[in-house]
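Here are some notes from a friendly second pair of eyes. Have the coordinates open as you go through the points.

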Amino acid sequence: MANQRRKYISCLFVILAAMGSTPVGLAAGEIGEYEVKAAFLYNFARFVEWPATAFSGPRDPIVICILGDNPFGDSLSDAIRGKELAGRSFAVRRISELPLKSRCQILFVTSAGMKLLRPAAGTLKSAPILTVGETPGFGYEGGVINFKLEDGRIRFEINVEAAEQAHLNISSKLLSLAQIVKSRRKP
């Protein structure tokens, strides 16, 4: 049953991503917001290229770190279970402080995690980490991808400049589905 649900979510993501957004609460509430975001996180990895320096070795996993409380429950672990990308498995870690003590290729910053990120944001700018947030303004503040709810749908913004600073190559397919934002210049 859980395997069928994962397949359903993955298939649904592909179809809805092609349309440019994902409605929250699909099928009468069967899929929650964080199940959808978990599917997005896994799929973001499929459309991002990291420099070799982001990994210690060729078989290191793609690590998704969560800064702040874990809003996913088991959804993120379920979304990546058994998945591989270019010979790399996936792993999830919850972290509670910055700077990072462990390698992360994707850093999901919860709204509560923003309090921890702001003082250390400068240390992450050139690190090869795909920062993904869910707070208004996250992309403008230098985050690479930001989720936003718009008309009951999950959409996302991408800050291409922040991705370039992090030495990440984002596929044009993913860029075509996003709203492109730029970092705010500090006076």
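1. Let me start with cysteine 104, which is buried at 5% relative accessibility, since the cut-off for that label is under 20%. Please keep in mind that this is a predicted model. Cysteine 65 is buried too, and its relative accessible area is 0%.

2. Which residue is joined to cysteine 65 by a disulfide? The partner is cysteine 104, with an S to S distance of 1.8 Å. That falls inside the 2.5 Å limit used to call a disulfide, and the count by this rule is one. The bond ties together parts that are 39 residues apart in sequence, because cysteine 65 sits in strand E3 (residues 62-67) while cysteine 104 belongs to the loop between strand E5 (88-95) and strand E6 (106-109).

3. Now for the strands. E3 and E6 pair in the parallel sense, over four bridges; isoleucine 66 has phenylalanine 108 in E6 as its bridge partner. E6 also runs parallel to E7, and four bridges join the two. Here isoleucine 106 has leucine 130 in E7 as its bridge partner.

4. Buried or exposed: what are the side chains on either way out of E6? Ile106 and Phe108 point one way and Leu107 and Val109 the other, and all are buried.

5. On to the packing. The largest nonpolar core holds 37 residues, and Phe44 and Leu130 have the most contacts inside it. Elements giving two or more residues to this core include helix H3 (33-46), E3, E6, strand E7 (130-133) and strand E8 (145-150). H3 supplies the largest share, seven residues. As general background, nonpolar side chains tend to be buried together in soluble globular proteins.

6. The surroundings of leucine 130 deserve a look on screen. Leaving aside residues up to four places away in sequence, leucine 130 touches Phe44, Val48, Trp50, Gln105, Ile106, Leu107, Val144, Ile145 and Leu168. Among these contacts is Ile106, which is also the bridge partner of leucine 130.

Key: Residues are numbered from 1 along each chain as its sequence is written. This is a predicted model: local features need pLDDT of at least 70, side-chain atom pairs count only at pLDDT 80 or more; totals for chains, interfaces and linings use all residues. Side-chain values use heavy atoms; hydrogens and water are left out. Buried means under 20% relative accessible area, exposed over 50%, partly exposed in between (1.4 Å probe, protein chains only). A nonpolar core is a set of buried Ala, Val, Leu, Ile, Met, Phe, Trp, Tyr and Cys residues joined through side-chain atoms within 4.5 Å. Contact means heavy atoms within 4.5 Å. Two strands pair if DSSP finds at least two bridges between them.
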